[in-house]
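The sequence and structure come first.

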Amino acid sequence: MGKPMLTVRIARWSAEHPWRAIVAWLLFVAICVGAGQVAGTEQADFDDNPKGELATYKSIVDEAGFERPATENVLITAGQGDLDTDEAMAAAADVRARMDALPGVEQVSDPVPSPKGTAVLLNVELAGESDSADERIQPLLDTTADVQRDYPDLRVEQVGGASLDKALSETLGEDFQQAELISIPVTLLIMLLVFGALIAAGVPVLLAMSAVGTALGLSALVSHLIPATQNTASMILLIGMAVGVDYSLFYVRREREERAKGAGHVDAVEIAAATSGHAIVVSGIAVTVAMAGMFVVNDIVFSSIAVGTILVVLAAMIGSITVLPALLAKLGRWVDRPRIPLLWRLSMRTDKEPRFWPAVLRPGLRKPRTTLVVSGGLLAVLAIPAFGMTLNAPSEADLPRSIPIMQTYDRLTEAFPSTGASHEIAIRVPADETAAAESAVDELLGRIEADRGFAHDQPPEVTTAAGGRIVLISAGIPYDGGSARADQSLAQLRTTLLPQTIGTVPGAEFAVSGMTAGENDFVDDMNGALPWVIGFVLLLTFLVMLWAFRAPVIALSAIGLNLLSAGAAYGVLVLVFQNTWAEGLLGFTSSGGITAWLPVILFVTLFGLSMDYHVFVVSRIREAALAGMSTRDAVAAGITRSAGVVTSAAAVMIGVFSVFATLSTIDMKQLGVGLATAILIDATLIRAVLLPALMTVLGSANWWTPRFLRRREHVAPPPAEPKVLEPVG
């Protein structure tokens, strides 16, 4: 007899030395968490990895040695009715006097009335580095609040880059806590419904939480090499709870099933290790490979999320094949205590064979070609709206207006259009062309002032450096930075104004940055990266599945089914978020597009998580085929045996992902809805209808293995047909 596979050897050692395995895991988790807290998390500076035109802009600005200081705006408007100008100017003078006295303030501008006389504005320049201004902004916010209390008939508000960053960080922090507080009880409730016993339900949840804690600690350490972003922790929680619970669920469910058939504790653990444990390793590798696709984007946001999700998947995988066997062996039958009477009876199904799943499978097994065409056509129709997907870069327009500072931002841009957004222009010329450059800059400024696509309530700001070789221009626009009109003014600047003026100077370089330019460039980067990410994930997923099953047809069918699932999820995302009908239901305001980074994240996450179900289901089908069943019977047996646990695992993922659809920011809502929809489609229509129909049509071709891939199988044939322990699906 061949040497037992690695998962079996690990499980046997853990089962025979449970306390060593449990203590070792707890120490590992504690060390990771503690080390992460001591090291702290290095947050990403998005200017550290510039690309394209932004790289040129940064090069010019760095050479000039000029750093724009962080600035804040104090806006004074009427509380009700028309603005009392005298009172507003008195409040402005008070703001200026108090702000000038603060040590963190460099200077405060004179108060400026709005063109329509509805507001007064002061510009506050902060001392110190602009990158860390949000850490020093609280004294200014407190001062603004004090002035507001002294002038109750006015509305005195503050908004700027630092205060926006602070407010957004607080909102995301609250969202993360909300997601954590809701997702854990939801997951525990689903586990109680599945197992009907408190300890059995708690084990997967505790293991998932330990994986999340481990990954958060390790990601903090890694952040000093690859800085973290604001979404990294949310993605670790999202993926960690889903994958961690699923892996434990697969293992615990199989171990219980084998014990119910008479196997001893250690034997049941070893059988679970040889089957579910092996599937967990394959799935973990597949998810890791898929998440690694984000590195292809070569963007700090995606690299950070890739690191976090890979760490949490690996932590969940390692915990499931090491400490979980020890826990199951130590607990023995105590894992089914204390029982919750009604839920326990519902979870046991000892009186009869399951009827629901055979009924679902019947059409696909009897008329597989018809089922394949109808269900595949349905998914294709659902994917059609995806071809009309419009990508939007994250911007202030996407932030919820329930955040008070966003209401202030809207009032500011309405009263002072030029403060809303601007195009930042950097120009560099050779030393012997400074005279020509000066003339070209004058012509550019004249054309900007004559163009309706730019703000006219105040002229562009011009800064000269390096003896006239470098010129920096900040040209305001009277539109929201993410609007179509802002895009038009950017295109006019890049394709017409700059080439026809600065472009005529020999050796001149120029680049445009700013909110609108950054958004357009980001969307272009995403459109360019997505095909490469898809190709990378498809190729490596094929190789992983080929390694796992030694069957090219199985690998190709997994890719095809996942592509259908991803396309349908994209279609649903467009239907929901590019239209307005679901705004009241989900609490968002449609921006007419999908967050630009979402298609990449959704694709790699869906492809990775789909392997949970596909590897597990196909493994059960292969077990039946190795036992001598025909393809049709093996498909029926494998899917029926795995349907309960797949349904439960899908319920966990859908529950966790749905929590994210309730968060404040539209990008998290889109991520939650997209993933929940994809998993729902994948676990039902794909695994219960399309997969059995496709495998039945393919027949023995499913298991065709090229000569160079053939090996001796180590998978033990399954025990006698189970009559118990099928959870209600």
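Is T187 buried or exposed? At 0% relative accessibility, T187 counts as buried, where buried means under 20% relative accessible area, exposed over 50%, and partly exposed in between (1.4 Å probe, protein chains only). The model is predicted, so local features need pLDDT of at least 70 and side-chain atom pairs count only at pLDDT 80 or more, while totals for chains, interfaces and linings use all residues. Residues are numbered from 1 along each chain as its sequence is written, and side-chain values use heavy atoms, with hydrogens and water left out.

**T187**

T187 belongs to helix α6 (residues 161–195); helices (H or I, at least four residues) and strands (E, at least two) are DSSP runs numbered from the N terminus. Its side chain reaches the backbone oxygen of S183 at 2.7 Å. Leaving aside residues up to four places away in sequence, T187 touches V205, M241, V245, V652 and V656, contact meaning heavy atoms within 4.5 Å.

**Salt bridges**

Side chains of opposite charge can pair when their charged atoms come close. A salt bridge here is a side-chain nitrogen of Lys or Arg within 4 Å of a carboxyl oxygen of Asp or Glu, and by this rule the count comes to 22. The table lists some of them.

| Pair | N to O distance |
|---|---|
| E157 and R411 | 2.4 Å |
| E623 and R254 | 3.2 Å |
| K261 and E257 | 3.0 Å |

E157 and R411 form a salt bridge. E157 lies in strand β5 (residues 154–160) and R411 in helix α14 (residues 404–415), so the pair ties together parts that are 254 residues apart in sequence. E157 is buried, with a relative accessible area of 10%, whereas R411 is partly exposed at 24%.

E623 pairs with R254. E623 is in helix α20 (residues 598–626) and R254 in helix α8 (residues 232–260), so this bridge ties together parts that are 369 residues apart in sequence. Both E623 and R254 are buried.

In the pair K261 and E257, K261 is partly exposed at 32% relative accessibility, and E257 is buried with a relative accessible area of 3%. A network of salt bridges links R254, E257, E258, K261, R620 and E623.

**Helix α2**

Helix α2 (residues 18–39) has 22 residues, which at 1.5 Å a residue should span 32 Å; its end C-alpha atoms are 32 Å apart, in agreement. The expected span is 1.5 Å times one less than the number of residues. Buried in α2 are P18, A21, I22, W25, V29, C32 and G36. Seen down the axis, these fall within an arc of 105°, so they line one face of the helix; the arc is that of the directions from the helix axis to the C-beta atoms. The other side of α2 has W19, R20, L27, I31 and V38 exposed. The cover over the buried residues includes α1 (6–16), α7 (198–222) and α10 (300–331). Just after α2, G40 takes a positive phi of about 75°.

**Helix α4**

In α4, the buried residues are A88, A91, A92, D94, V95 and M99. They fall within an arc of 160° seen down the axis of α4, so they line one face of the helix. They pack against β1 (71–78), β2 (105–108), β4 (119–126), α5 (138–150) and β5. The face turned away from the buried side carries the exposed residues D86 and A97.

Note on methods
Polar contact = N/O pair within 3.5 Å; in protein donor to acceptor, adjacent residues only side chain to side chain.
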